[in-house]
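User: I have a model open and want to go through some spots in it. Can you take my questions as they come?

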Amino acid sequence: MDAVLFDMFGVVAMDQSPTVREAMVEYSGHGHDAFWTAYWAPRQDYDRGDLDGPAYWQAVGELLGTAFSPDRVERLLSLDLESWSRLNEDSVELVSELADAEVPLGLLSNIPPELAARFEEHHARVLELFPVLGLSCRIGHAKPEADAYRWCLDRMGATAGDVLFVDDNRSNVEAARALGLRGHVFTSVPELRRALGRP
């Protein structure tokens, strides 16, 4: 089997917890739509490591017209980390099988500094499955930027056409395909197993 480059959130780890998402909106004191528009606007800079957590949340607050106090920033940061911290154990099992079969593996994740540190502390067993770790805040590039994929290809020593990129975000998969990688839009572990020929 050729190399496989995985996304983290929505594939190896779960998407944001709906319960914690609601708690974040409620704690912010703003409406749902306004909060999430402000949340995502500076997220690429945060994922790339251009902002740390406090600077990111201050930027979100400015977009909402609110100056979050340090205590509120700390709480929002804590909730945000909690919301992204659940693993998809079925995906982890599949990755473990691929690692045991000596399939070349890489991880390309849009992940901010504090969340990367949390995964390194609490989920090292998962990160260790990937010989190439393309954590956006550490490599200075975030999907769908072309250099994020190129960074991983270079470290994997692989030709683009020999790598299957797996992500739940179609735009990220399309960006990978534009560079010559093969792409799989993740919807479920059973479907991915079929795509990989591993029932």
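User: Start with the helices. How are α1 and α2 set relative to each other, parallel or perpendicular?

Analyst: α1 and α2 are roughly perpendicular to each other; that label covers angles of 65 to 115 degrees, while under 35 counts as roughly parallel, over 145 as roughly antiparallel and the rest as oblique. Helix α1 covers residues 18-28 and helix α2 residues 32-40, and their axes come within 10 Å and cross at roughly 100°. Axes here are lines fitted to C-alpha atoms, for helices over the stretch in contact, with angles running from 0 to 180 degrees between N-to-C directions. Helices (H or I, at least four residues) and strands (E, at least two) are DSSP runs, numbered from the N terminus.

User: What kind of model is this, and how are residues numbered?

Analyst: It is a predicted model, in which local features need pLDDT of at least 70, side-chain atom pairs count only at pLDDT 80 or more, and totals for chains, interfaces and linings use all residues. Residues are numbered from 1 along each chain as its sequence is written, and side-chain values use heavy atoms, with hydrogens and water left out.

User: Back to that pair. Which residues meet between α1 and α2?

Analyst: From α1 there are R21, M24, V25 and S28, and from α2 there are H32, F35, W36 and Y39. Contact means heavy atoms within 4.5 Å. The residues of this contact divide into five nonpolar, two polar and one charged. In that sorting, Ala, Val, Leu, Ile, Met, Phe, Trp, Tyr, Cys and Pro are nonpolar, Asp, Glu, Lys and Arg are charged, and the others, Gly among them, are polar.

User: And P18, is that buried or exposed?

Analyst: P18 lies in helix α1 and is exposed, with a relative accessible area of 54%. The cut-offs are under 20% relative accessible area for buried, over 50% for exposed, and partly exposed in between (1.4 Å probe, protein chains only). P18 and S83 are 65 residues apart along the chain, but their C-alpha atoms are separated by 7.9 Å.

User: Different topic. Where does D80 sit?

Analyst: D80 is in helix α5, residues 70-83. D80 counts as buried because its relative accessibility is 1%.

User: What does D80 touch?

Analyst: Leaving out residues up to four places away in sequence, D80 touches Q16, M24, Y39, R43, Y46 and W57.

User: What about S85, buried or exposed?

Analyst: S85 is buried at 15% relative accessible area and lies in the loop between α5 and α6. Not counting residues up to four places away in sequence, S85 touches L115, R118, F119 and H123.

User: Cysteines next. How many disulfides are there?

Analyst: Zero, from a search of the whole structure; a disulfide is a pair of cysteine sulfur atoms within 2.5 Å. The closest cysteine sulfur to that of C137 is in C152, 13 Å away, which is too far for a bond. C137 is buried at 15% relative accessibility, and C152 is buried at 0%.

User: What else is buried in α10?

Analyst: Besides C152, the buried residues of α10 are A148, Y149, W151, L153 and M156. Among the elements covering them are β1 (3-6), β3 (132-135), β4 (163-167) and α11 (170-178). After α10 comes G157, with a positive phi near 65°.

User: Which peptide bond is cis?

Analyst: The bond from K143 to P144, with omega near 5°. P144 is in the loop between α9 (136-139) and α10 (146-156). Most residues other than glycine have a negative phi, and most peptide bonds are trans.

User: Where is E102, and what is its phi?

Analyst: E102 is in the loop between α6 (89-100) and β2 (105-109). Its phi is near 60°, a positive value in a residue other than glycine. At 70% relative accessibility, E102 is exposed.

User: Last one. What is G49 in contact with?

Analyst: Leaving aside neighbours within four places in sequence, G49 is in contact with P113 and C137. G49 lies in the loop between α3 (43-48) and α4 (53-64) and is partly exposed at 35% relative accessible area.
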